[in-house]
Amino acid sequence: MTILIIYIAIFATAFFAVRFGVRKFRQMKDFTSLKTVTFGDESAVRPDRWASVISVITVFLLWGAFTGSTWVPIHAPGPFVGETEFTYTLEAPDGARDDATVYARVFKVGEDAEEPEVDPGEGFAKNDGIKVGAWRSELLIMDKNDEVKRKEGAKIVAIDGQPVSAGETVSVADGKVALTAKGSINFSPSGGMQMEPIWLPAPEAVVARVGEIASEGYQNFTLWEHLFWSLFRVIVGFIIGAAVGIPLGYAMGLSDWFRGWFDPIVEFMRPVPPLALIPLVIIWAGIGESGKIILLFLAALWIMTISARAGVSGVAISKVHAAYSLGASKWQLMRHVIVPNSLPEIFTGARVAMGVCWGTVVAAELVAAEKGAGMMVMVASRFQNTDIVIMGIILIGIIGYGIDILMRKAEAWLVPWKGRI
Amino acid sequence: MSTLSIENISMRFDLPNGGHVQALQDVSLEIKTGELMSVLGPSGCGKTTLLNIVAGFLAPTDGKIMLNDHQVTGPGAERGMVFQQGALFEWMSVRDNVSFGPRMAGKREKDWAGTVDHLLDVVGLQGFKQKAVYELSGGMQQRVALARCLANDPDVILMDEPLGALDALTREKMQGLVLELWKETGKTIILITHSVEEALLLGERLLVMAPRPGRIHEEYRLPFADDGVGKDLRKVKKTSEFGQKREEILSMIWDMEEEIMGRTEEASA
């Protein structure tokens with residue numbers, strides 16, 4: 001909740017800062033800047049690059065600030081670490097009361113810490129020393145060393161002077177003390193507002209993991225091998241899918257018989273999500289490479305078939321007529337008119353298919369695999385290596401985005417006439 | 001002599017609801033080599049159907065088309081076609097579009113390069129030959145279409161409203177170009193148009209067709225095309241004979257439309 005409010009505040013502040021600060025110094029001389037009607041004119045809405053940059057920085061700042069990153073100067077209050085103390089008041093069955101102090105040493109999880117040495121002090125309630133990991137809590141059987149035990153009728157009536165009974169919680173200097181139903185003390189040092197690394201590690205921990213896994217590997221394969229295998233499966237599956245799907249789509253676009261024969265199959269298989277085929281493919285082909293590639297082949301096949309078929313049906317009849325009137329044979333018509341004319345559709349299909357394949361391979365690896373990006377993430381999550389999980393998600397995202405950019409570049413290069421007819 | 005004869009062509013489309021449309025009924029016509037015939041008529045009179053039959057894209061339900069004493073049974077390189085728009089190949093440069101016919105015929109570049117260059121000169125696109133066709137304006141694209149058709153050296157050129165999608169100014173210029181090309185190449189041309197003026201200006205012969213069933217309504221021989229070659233077509237349009245002819249044909253088409261409307265009203269009454 002706090003993070004959402006901070007996020008909205010940064011959004012609004014940055015908006016006004018850029019609008020009224022930076023804007024004044026920017027020279028806008030293009031055509032759009034001369035438009036007076038911009039609200040409602042979608043073509044006049046271009047992404048503000050300042051907003052994009054600030055947006056990305058904000059995400060990383062918030063991530064760093066709420067995980068205690070050393071890369072970020074400002075932090076949300078972290079968990080309490082250090083020495084603290086609180087007192088409890090023990091009441092003996094005869095009504096006599098005595099105070100004892102609990103000395104607590106809160107240490108960072110992963111570091112070594114000793115229980116504090118404590119002088120037992122005066123009275124029938126003796127002082128205690130405990131150690132607690134940050135974000136953790138510690139149950140204290142405080143009457144172990146007290147002269148009157150709970151089973152003899154002693155009970156705690158106050159913590160730091162605040163009256164308390166079993167099942168209640170009171171705040172102390174650096175945390176909270178709860179009294180359990182049986183009357184013993186449970187101390188939780190305050191956690192602050194930062195995320196514990198097990199939920200969300202700091203950015204530098206993730207980066208450090210990248211370096212570590214890139215050189216040492218994880219689950220018998222280095223990071224690059226995991227990513228390579230995922231990409232390799234996608235590319236092989238996609239190429240086989242396209243190699244079968246595109247000719248099939250052409251055949252369906254050009255022949256009654258093929259259209260009739262394959263229409264029911266294609267129309268049935270198209271809406272089946274590839275993920276739903278994972279169990280069957282595992283039964284048939286196991287969890288090795290062939291199973292993955294069969295799955296990705298099926299994921300790409302129908303998309304490529306349908307886009308090639310659409311590409312053929314999309315050819316203007318006047319182009320076909322023109323080609324025949326110019327003396328083209330059927331084969332020449334195919335080669336010089338139908339295939340190039342269907343390329344824009346095929347590229348659109350290929351972009352979709354690559355996206356679907358990438359999603360499918362990660363999902364298939366999550367289910368079962370010996371190597372691959374999805375497998376790395378899944379295994380890491382089982383061992384609560386959240387930094388690897390986050391790293392994996394970021395890399396999967398970057399690769400998916402990279403694939404799409406490459407496909408778009410290829411499209412602009414190979415079918416420059418797309419959308420300009 | 002490459003005479004094109006259209007012999008008793010009838011075309012009947014069956015409708016899915018059991019009815020039928022008589023798109024053409026018993027159309028007969030003979031066109032001599034080098035004639036430019038324009039075809040005019042209200043929509044639904046079957047002029048595009050007729051052109052598609054001559055081109056070989058449709059088989060008539062009755063009658064036949066003979067060109068040079070051979071029956072037309074399908075599309076062929078001896079009958080070139082110029083479409084309204086969108087028939088250029090966007091994935092090819094202007095030059096590749098124009099040389100498409102010779103290339104498909106398997107001719108070598110040295111055999112067609114001269115012709116193609118000459119045609120690009122004639123249509124005024126020499127400086128654009130390496131451009132992609134989608135970079136050209138509508139008028140330039142139609143020039144490419146004309147050049148592409150001529151590069152194949154067909155006996156007959158069929159034009160299906162070739163200037164229909166152009167703006168008025170470009171259209172006038174292109175009309176002049178069509179006349180020049182006709183005179184220079186001596187091709188037989190059938191030109192379908194919606195514009196009475198264009199039909200009068202370009203047609204040595206003018207065929208007015210009537211709908212339901214599609215048939216030849218009237219045929220004229222006109223002097224304007226011959227007169228107009230190489231001249232300012234606007235001057236031709238200003239002459240009193242041109243004005244008279246235009247009025248005559250306009251009022252005839254007007255009557256035809258009235259009659260159709262009347263018939264439809266009767267039918268629905």
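**Entry: Asp69(B)**

I started at Asp69(B), which lies in the loop between strand E4 (62–67) and strand E5 (70–71) of chain B. The model I am reading is a predicted one. I looked up the backbone at Asp69(B): phi is near 65°, a positive value in a residue other than glycine. Buried or exposed, I asked of Asp69(B)? Asp69(B) is exposed, because 9 other C-beta atoms lie within 10 Å and the cut-off for exposed is 12 or fewer.

**Entry: Asn220(A)**

I then turned to Asn220(A) in chain A. Its phi is positive too, about 75°, although Asn220(A) is not a glycine. I placed Asn220(A) in the loop between helix H3 (203–216) and helix H4 (223–254) of chain A. I checked its surroundings and found 9 C-beta neighbours inside 10 Å, so Asn220(A) counts as exposed.

**Entry: chain B overall**

I counted the secondary structure of chain B: 10 helices and 10 strands.

**Entry: helix H6 of chain B**

I picked out helix H6 of chain B, residues 168–185. H6(B) has 18 residues and reaches 26 Å from its first C-alpha to its last, close to the 26 Å expected at 1.5 Å a residue. Which residues of H6(B) are buried? I listed Met174(B), Gln175(B), Val178(B), Leu179(B), Leu181(B) and Trp182(B). After H6(B) comes Gly186(B), and its phi is positive, near 65°.

**Entry: Asp26(B)**

I went to strand E2 (residues 20–31) of chain B, where Asp26(B) sits. I counted 15 other C-beta atoms within 10 Å of Asp26(B), so Asp26(B) is partly exposed. What does Asp26(B) touch, not counting residues up to four places away in sequence? I found Asn8(B) and Ser10(B). I took one distance across chain B as well: Asp26(B) and Ala168(B) are 35 Å apart in space, C-alpha to C-alpha, and 142 residues apart in sequence.

**Entry: chain A overall**

For chain A I counted 11 helices and nine strands. I compared the radius of gyration of chain A, 33 Å, with the 22 Å that the globule rule gives for 421 residues; the value is well over it, so chain A is more spread out than a compact globule. I read the box of its C-alpha atoms along the principal axes as roughly 115 × 65 × 40 Å. Of the 421 residues of chain A, 30% count as buried. Among contacts in chain A between residues at least 6 apart in sequence, I noted that 65% join residues at least 24 apart.

I looked up the domain assignment of chain A: domain 1 (2–65), domain 2 (82–189) and domain 3 (205–414). The centres of domain 1 and domain 3 of chain A, taken over C-alpha atoms, are 36 Å apart.

**Entry: Asp146(A)**

I placed Asp146(A) in the loop between strand E4 (138–140) and strand E5 (155–159) of chain A. Asp146(A) has 23 C-beta neighbours inside 10 Å, so I logged Asp146(A) as buried. Leaving aside neighbours within four places in sequence, I found Asp146(A) in contact with Leu90(A), Phe124(A), Ala125(A), Lys126(A) and Ala154(A). I took the distance to Val415(A) as well: 85 Å in space from Asp146(A), C-alpha to C-alpha, at 269 residues apart in sequence.

**Entry: where A meets B**

I closed with the interface. How many residues of chain A are in contact with chain B? I counted 17 of chain A against 20 of chain B. On the side of chain A that touches chain B, helix H8 (317–325) and helix H9 (330–367) each supply at least two residues. The largest share comes from H8(A), with six residues. I sorted that side of chain A by class: 10 nonpolar, five polar and two charged residues.

Conventions: Residues are numbered from 1 along each chain as its sequence is written. Chains are lettered from A and ligands numbered from 1 in the order in which they are written. This is a predicted model: local features need pLDDT of at least 70, side-chain atom pairs count only at pLDDT 80 or more; totals for chains, interfaces and linings use all residues. Helices (H or I, at least four residues) and strands (E, at least two) are DSSP runs, numbered from the N terminus. A residue is buried if 20 or more other C-beta atoms lie within 10 Å of its own, exposed if 12 or fewer, and partly exposed in between; C-beta atoms are placed from the backbone. Domain bounds come from an automatic or database domain assignment. Two residues are in contact if their C-beta atoms, placed from the backbone, lie within 7 Å. Ala, Val, Leu, Ile, Met, Phe, Trp, Tyr, Cys and Pro count as nonpolar, Asp, Glu, Lys and Arg as charged, and the others, Gly among them, as polar. The expected span of a helix is 1.5 Å times one less than its number of residues. The radius of gyration is taken over C-alpha atoms; the globule rule is 2.2 Å times the number of residues to the power 0.38.
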